[in-house]
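Here is a friendly walk through one protein model, meant to be read with the structure open beside you. Take a moment to turn the view around before starting.

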Amino acid sequence: MQRFKSKFDTFRQQTNIIIYGTNTAAGRLFDLVLLLVILASVVIVMLETVKEIDTKYHTTLLLLEWIITVFFTLEYLLRIISIKKPLTYIFSFYGVIDLIATLPMYFSLFYVGTSVLTVVRALRLLRLFKILKHPQFSSQSTHLKEALLASRGKILIFIYFMLISSVIIGSVMYVVEGKEGGFTSIPISIYWTIVTLTTVGYGDISPITPLGQTIASAVMIMGYGIIAVPTGIVSAEFANSHRKKLKAEKINPCATCGTDGHEFNAKYCFHCGTEL
């Protein structure tokens, strides 16, 4: 016997197509509106921190923020209602972000000042990658994720080595410079070391003795080399992931011009004409 859909079932199905679907005009329009609202919300929070603007337009900005909050609340509830397994969405990465982006304005009713935390809504812009399901975007994001996962062990070891080096250098600078040079404690000296190694250089603490300045010069030079290490690790893994993809798809890049898209049985490069 055929089961007729209730109005609620029909509503759930149509809502699911609009919210989760990107292949329909209504779905694409919803995604576009959502991204624009997220951007507007982040801009409003930024404007609220500008004293002159907040003083003049505080009521308007607050009203807009509450309108956006209600919009996000309804969207969050509709996302839960429109799927068969709500918990799958609620505890998913995007589900948690959506909830966090909705709560700050409600918290501001009980704790003054927490409304500024609505700036975390910028995290919702990550949905752009989910909406733009272009093969190139998907492929590159997959390669980057694989490269980061493959290099996480090396990066963790590198960070561990840098932490140990920072402790040692900071301790040495504390002994060399002492309190007279602003290195009042080992933690402060470690802070200086990290700032110097990362080439940030706030200038709030600086060595005054010749030996301390010599050590600082070595640390600064070492910092330039250190910056390239994690970049090189990820780049190498990214290139390795790309080579694996080409091999899996049986594609042979040209050795002369580097153009991808050559099958292994091809004789000449279609781009530069070099014999493969």
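## A bent helix and its salt bridge

Helix H3 carries a kink of about 85°, centred on Tyr 57. The bend at a residue is the angle between axes fitted to the seven residues ending there and the seven starting there. Helices (H or I, at least four residues) and strands (E, at least two) are DSSP runs, numbered from the N terminus. Please keep in mind that this is a predicted model, in which local features need pLDDT of at least 70 and side-chain atom pairs count only at pLDDT 80 or more, while totals for chains, interfaces and linings use all residues. Residues are numbered from 1 along each chain as its sequence is written, and side-chain values use heavy atoms, with hydrogens and water left out.

How many salt bridges does the structure hold? There is one, and the term stands for a side-chain nitrogen of Lys or Arg within 4 Å of a carboxyl oxygen of Asp or Glu. The partners are Glu 75 and Arg 79, whose side chains meet at 2.6 Å, N to O. Both residues belong to helix H3 (residues 51-81) and sit four residues apart, about one turn of the helix. An α-helix has 3.6 residues a turn, so residues three or four places apart point the same way. Side chains of opposite charge can pair when their charged atoms come close.

Are these two partners buried or exposed? Glu 75 counts as buried because its relative accessibility is 3%, and Arg 79 is buried with a relative accessible area of 2%. Here buried means under 20% relative accessible area, exposed means over 50%, and partly exposed lies in between (1.4 Å probe, protein chains only). Other buried residues of H3 include Leu 61, Glu 65, Ile 68, Phe 72 and Tyr 76.

## The overall fold

The secondary structure comes to nine helices and zero strands. Buried residues make up 30% of the 276 residues in the protein. Among contacts (heavy atoms within 4.5 Å) between residues at least 6 apart in sequence, 52% join residues at least 24 apart.

Helix H2 (residues 25-48) has 24 residues and reaches 35 Å from its first C-alpha to its last, close to the 34 Å expected at 1.5 Å a residue. That expected span is 1.5 Å times one less than the number of residues. Among the buried residues of H2 are Gly 27, Phe 30, Asp 31, Ile 44 and Glu 48.

An unreviewed UniProt entry lists residues 29-47, 59-78, 90-112, 155-176, 183-203 and 215-239 as "transmembrane region". UniProt positions are given in the numbering used here, feature names are shortened, and annotations may be inferred rather than shown by experiment. In the model, residues 155-176 are 100% helix and 0% strand, with end C-alpha atoms 31 Å apart. Residues 183-203 are 57% helix and 0% strand, and their end C-alpha atoms are 13 Å apart.

## Two nonpolar cores

A nonpolar core is a set of buried Ala, Val, Leu, Ile, Met, Phe, Trp, Tyr and Cys residues joined through side-chain atoms within 4.5 Å. The largest one has twelve residues, including Phe 158, Met 162, Trp 192, Ile 205 and Ile 226. Helix H7 (135-177), helix H8 (186-197) and helix H9 (210-248) each give two or more residues to this core. Apart from it lies another core, of nine residues, among them Ile 19, Phe 30, Ile 44 and Phe 72.

## Loops and pairs across the chain

Gly 182 is placed in the loop between H7 and H8 and counts as partly exposed, at 27% relative accessibility. Leaving aside neighbours within four places in sequence, Gly 182 is in contact with Ile 188 and Ile 205.

The loop between H8 and H9 holds Thr 199, which has a positive phi of about 60° although it is not a glycine. Thr 199 is partly exposed, at 35% relative accessibility. Gly 201 is found in the loop between H8 and H9 and counts as exposed at 54%. In helix H7, Lys 145 is exposed, with a relative accessible area of 53%.

These C-alpha pairs link separate parts of the sequence:

| Pair | Apart in sequence | C-alpha to C-alpha |
|---|---|---|
| Gly 182 and Pro 207 | 25 residues | 7.8 Å |
| Gly 201 and Met 220 | 19 residues | 9.3 Å |
| Lys 145 and Phe 238 | 93 residues | 8.9 Å |
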